[in-house]
Amino acid sequence: MAGWRRQRALRAPAWLEALVRTSPPPVPWRDVARFAVAVPAPLALAVAVGGGMDSAAPLAAGVFGTMGALAASLAPQPGPLRDRLRRVGAATGFGMLGLLAGQYATGGGWEPVVVIALLSAAAALVSAVNAALSLGALQLLIYTALASGLVTPLPAVAGVGFFLCGAAWATLATLVQSRTEALDPDRAAVAAVFTRIAALLSAVGSDRAPDARRALTTALNAAYDRVIRSRSRSAGRSRELSELAGVLNAAAPLVEGAVAAARAGVPAGREDVTAVHALAAGVAGTRQLSGRRPPPLEGGHPAVRAVRHGVRLVWNVVGDPEERATAAAPSPAPTPRERLRELADHTLGSRDTRSFAVRLSLCMTVAEIARQYLPVERPYWVLLTVAIILKPDFGSVFTRAVQRGVGTILGVLLGSALLAALPHDAWVLLALAGAAAVLPWARDTSFGLFSVFQTPLIILLLDVALPSEPGLVVARLLDTLVGCAIVLVFGYLLWPQTWRAPFDEAMAGAALALDAFVAAAFTGDPAERRRARRRTYRALTELQTQLQRRLAEPPPISTRAAAWWPVIVQLERTADAVTEAVIATRGGDPAPDPAQVAALRRAIHRLGDDIGARRTPDDAELHADGVLAPVAREVDAARRLVRETAPGRRGGH
């Protein structure tokens, strides 16, 4: 026992364990091959044309081409080809703008400071529009920083031209790879929903059920996001995407039945689990769905009957393309004015976006001032470090700053060792290919590991254009540490949002979504109930995401976040109880009294208001009978947990 206590005492803090923990993903061999060939190819061609590593102009052309190939290679993510090409286009276009803008951010004085500040504000606003433009905004800042310190014998226009040629070459490699990937990502996302339903049905009655239900919610949200986004932006595959949307719509009763079965602890039959697996294979196209669907159930638990009803409904839809197309409710395309209004809401109209624009501009301005006054060679690495860390798309700023600092230090040491060991000839190309090949795997593993291998690649590439002295290693380490310190101080520690209780607003929003779900469950039609349920579980999924991000930060942020975990779980249980009540009512139980529904809604709404206003909920208990009794018990439990959490929350302010 004493040994166990000593072991616990020697353990690192939970936030530090979360910071360094990684879950190595499978090696994406196709991406590895594409990176190894596409990234160093422009430089290899320049070396071949120039007759070696001593011709300045061809080498500069090769460096710009490899920069473009790197940007276009990193841009694609798993998904439909049109989404990959959209990301490539955004990364390439904004990278080109960065190379041009960087010409006005060189030297000293106030002009470069103004240029960097304006570009940073624009990048922050553009990031809020969509994921592709957010990636492009990051490339804008990265290549502005690089261009501000890169001196080459080529004119700016020629450098941009070679950059675009390298990006075009990498895009061609992406197209070739896409021809070898037979599985449609849209179809795979929908099939994953049925795989998760089967996993939930198999986990009923075990301690794996809560995790299986959360995995189902994540898969359902991801499938809706992918299919609806693809359908709204593409005209080439509208029929197929409409059919997939129809499958998702038809799956709603099956999802409700599976959640109710898990909630009640009543396992579904083996025949239903097998049928759901068959539906997953049929949607994915890996196996033909047979014509025999499971027969209807007349008796048994209402949740089990709901599962069988859902299986039979989806079976009809998956087996009949016309039914799939009919099940997808068409949505009217937004007008140009509506698009402009939505764009304004996401950018200038969003308080969070405006706040981030100020934060990013401040940090980049401080970094530019530091660049001008640091007594080291090529201090543009400070700008580069700040831009990469402070992008909001990748989670905790604190985590990224620490991982970037440690990863870059290791990467600089690795790159410097390669420079010292390799002769200045074609061996550099092999080192570039090796570093590039590891990037897709490292990117999926952790940001810190990605920095370890990205840094030597950039060092090797820039050393080809501007051979450096050994002392540049120390300068690069200093630049990285300065950039991390700027982000931690001016982008993290000084902002009230960093120390505010992390989940107040998000949890209040989840409670209000739960209130709307209760209203739709007992007074709305099936379509309204389906939409309300999705909004509720989406809000709860966002809470889980925020929790994971905050747990990786130091106290008191991580301890406050951990205190909210039981409340999040209890809200999930409450949503499950509402779904179970709907299934029970559909199975023949009496409909709840409207007065009790109204009282339940008032309690949930008041809970959301209490969380948002940082008030302690009262200790009055709800009284309900019939199908609402379990829901009332879960709401009371949620209010009790918030009361227990509230004193520590107030003490943190």
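A salt bridge is a side-chain nitrogen of Lys or Arg within 4 Å of a carboxyl oxygen of Asp or Glu. By this rule, the structure holds 14 salt bridges. The model is predicted, so local features need pLDDT of at least 70 and side-chain atom pairs count only at pLDDT 80 or more, while totals for chains, interfaces and linings use all residues. Residues are numbered from 1 along each chain as its sequence is written, and side-chain values use heavy atoms, with hydrogens and water left out.

Helices (H or I, at least four residues) are DSSP runs numbered from the N terminus, as are strands (E, at least two). The side chains of Asp31 and Arg34 form a salt bridge, at 3.1 Å from N to O. Because Asp31 and Arg34 are three residues apart in helix 3 (residues 29-38), about one helical turn separates them. Asp31 is buried at a relative accessible area of 18%, and Arg34 is buried too, at 9%. Here buried means under 20% relative accessible area, exposed means over 50%, and partly exposed lies in between (1.4 Å probe, protein chains only).

Another pair sits in helix 11 (residues 209-233), where Arg214 and Asp211 are three residues apart, about one turn of the helix. The closest N and O atoms of their salt bridge are 3.0 Å apart. Arg214 is buried at 17% relative accessibility, whereas Asp211 is exposed at 52%.

Glu271 and Arg308 also meet through their side chains in a salt bridge, at 3.5 Å from N to O. This pair links distant parts of the chain, with Glu271 in helix 14 (residues 270-284) and Arg308 in helix 15 (residues 302-319), 37 residues apart. Glu271 is partly exposed at 42% relative accessibility, while Arg308 is buried at 5%. Elsewhere, salt bridges that share partners join Asp211, Arg213, Arg214, Glu572 and Asp576 into one network.

Helix packing comes next. Helix 4 (residues 41-50) and helix 5 (residues 56-74) pack at about 165 degrees, their axes 7 Å apart. That angle makes helix 4 roughly antiparallel to helix 5. Axes are lines fitted to C-alpha atoms, for helices over the stretch in contact, and angles between N-to-C directions run from 0 to 180 degrees. Angles under 35 degrees count as roughly parallel, over 145 as roughly antiparallel, 65 to 115 as roughly perpendicular and the rest as oblique. Helix 4 passes helix 5 in a right-handed crossing. A crossing is right-handed if the near helix is turned clockwise from the far one by less than a right angle, and left-handed if anticlockwise. Contact means heavy atoms within 4.5 Å; in helix 4, the residues that meet helix 5 include Pro42, Leu43 and Ala46. The residues of this contact divide into eight nonpolar, four polar and no charged. Ala, Val, Leu, Ile, Met, Phe, Trp, Tyr, Cys and Pro count as nonpolar, Asp, Glu, Lys and Arg as charged, and the others, Gly among them, as polar.

Helix 7 (residues 110-127) and helix 8 (residues 131-149) have axes that come within 8 Å and cross at roughly 165 degrees. Helix 7 is therefore roughly antiparallel to helix 8, and passes helix 8 in a left-handed crossing. The residues of their contact divide into eight nonpolar, four polar and no charged.
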